[in-house]
Amino acid sequence: MINRRYFSLAALTSLLAAPHVRASESKTGDSHSGHADPNAAAHTMTEFPAEWQGSEEIVFLGYPGMTALDLVGPQYMLASLWGAKVKIAAKTLDPLPTDTGLTILPDVTFDQAATAPDVICAPGAVRGALDAMQDSETIDFLADRGSKARYVTSVCTGTLLLGKAGLIDGYRVTSHWFTRPLMTEFGAIPVDARVVRDRNRITGAGVTAGIDFGLSLVGEMRDETYAQSVQLLAEYAPEPPFNAGTPDVAPPMVTKMMRDMFVGLPDRIRALAKQ
């Protein structure tokens with residue numbers, strides 16, 4: 001059965017195989033006729049740089065009420081890493097309702113998740129993230145895996161969970177534009193950028209920035225050509241129909257309306273940060 005992951009890997013193989021095919025043709029052609037043996041190049045189609053094959057263990061935190069796109073965006077990108085195992089870990093294997101109504105099935109429980117993953121990623125939410133910040137099992141799991149992971153990452157308000165787990169103290173991070181200033185409550189340094197890396201902490205800003213974060217990590221864990229191939233396959237070339245993606249460019253009345261929706265949220269986050 002051909003799925004997107006299979007197609008992605010096949011496309012990457014073909015991309016890199018092309019120069020090997022040409023080289024093979026020049027060496028295996030009939031010396032008398034100058035024509036290549038049409039079957040000679042078939043054995044080279046699986047050749048690719050050794051560094052394109054990995055064995056990474058990537059764990060996404062799953063919890064009820066999380067924002068679906070915070071997880072699905074980077075998961076799409078990281079699932080394209082050759083050889084990587086991408087798992088969603090949650091307290092139980094029960095279906096996880098997200099804040100948009102999409103239901104996600106966890107792959108493993110906290111106990112079953114990789115003990116020292118290459119990547120641990122916390123997606124964000126609003127109410128769901130606040131509830132998760134108060135769940136000791138979730139925070140203990142994140143703190144434990146984060147202390148051993150090669151990369152500690154988050155998308156959107158997932159940085160609140162990293163903060164609650166004590167994983168961003170002293171680090172430069174980004175978050176959703178509304179919660180970004182609150183990163184100081186966890187000892188972090190807020191940065192206004194789509195993707196921020198500080199040592200092994202890599203954080204993405206609000207929701208859609210998770211796609212940029214995921215693609216950036218693909219380039220980090222493989223190389224630029226690999227990441228560009230994944231980007232091309234996804235046809236990721238955003239041209240939003242409206243220029244209102246940040247408070248700096250959105251109409252003031254729209255920004256005010258959105259801020260007013262979250263009145264009281266900063267105080268609640270500050271209280272949770274101090275607990």
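Predicted model: local features only at pLDDT ≥ 70, side-chain atom pairs only at ≥ 80, totals over all residues.

Student: Which residues of helix H4 (residues 136–146) are called buried?

Tutor: Buried means under 20% relative accessible area. In H4 the buried residues are Thr138, Ile139, Phe141, Leu142, Arg145 and Gly146.

Student: Why are the buried residues of H4 said to line one face of the helix?

Tutor: Viewed down the axis of H4, they fall within an arc of 160 degrees, and therefore they line one face. These buried residues pack against strands S1 (57–61), S2 (85–90), S6 (119–122) and S7 (151–155), together with helices H3 (127–133) and H5 (158–164).

Student: What describes the packing of helix H6 (residues 209–221) and helix H7 (residues 224–234)?

Tutor: Two packed helices are described by the angle between their axes and by the distance between the axes. For H6 and H7 the angle is about 145 degrees, and the axes lie 7 Å apart.

Student: What makes the contact of H6 with H7?

Tutor: Contact requires heavy atoms within 4.5 Å. H6 contributes Leu215, Val218 and Gly219, while H7 contributes Tyr226, Ala227, Val230 and Gln231. By class, the residues of this contact are five nonpolar, two polar and no charged.

Student: Which residues lie nearest the centre of the largest pocket?

Tutor: They are His176, Trp177, Gly206, Gly245 and Thr246, from a lining of 39 residues. The volume of this pocket is about 1,000 Å³.

Student: How do the residues of its lining divide?

Tutor: The lining of the largest pocket has 24 nonpolar, ten polar and five charged residues. Helix H8 gives the most to this lining, with four residues.

Definitions and conventions
Residues numbered from 1 in each chain as written. Heavy atoms only, no water. 1 Å grid on protein atoms, 1.4 Å probe; cavity = no way out; pocket = protein on both sides within 12 Å on 5 of 7 lines; lining within 4 Å. Points joined across faces, edges and corners; volume = space filled by probe spheres on them. Helix = DSSP H or I, 4+ residues; strand = E, 2+ residues; numbered from the N terminus. Nonpolar A, V, L, I, M, F, W, Y, C, P; charged D, E, K, R; others polar. Axes fitted to C-alpha atoms, helices over the stretch in contact; angles between N-to-C directions. Buried < 20%, exposed > 50% of the residue type's maximum accessible area, 1.4 Å probe, protein only. Arc of directions from axis to C-beta.
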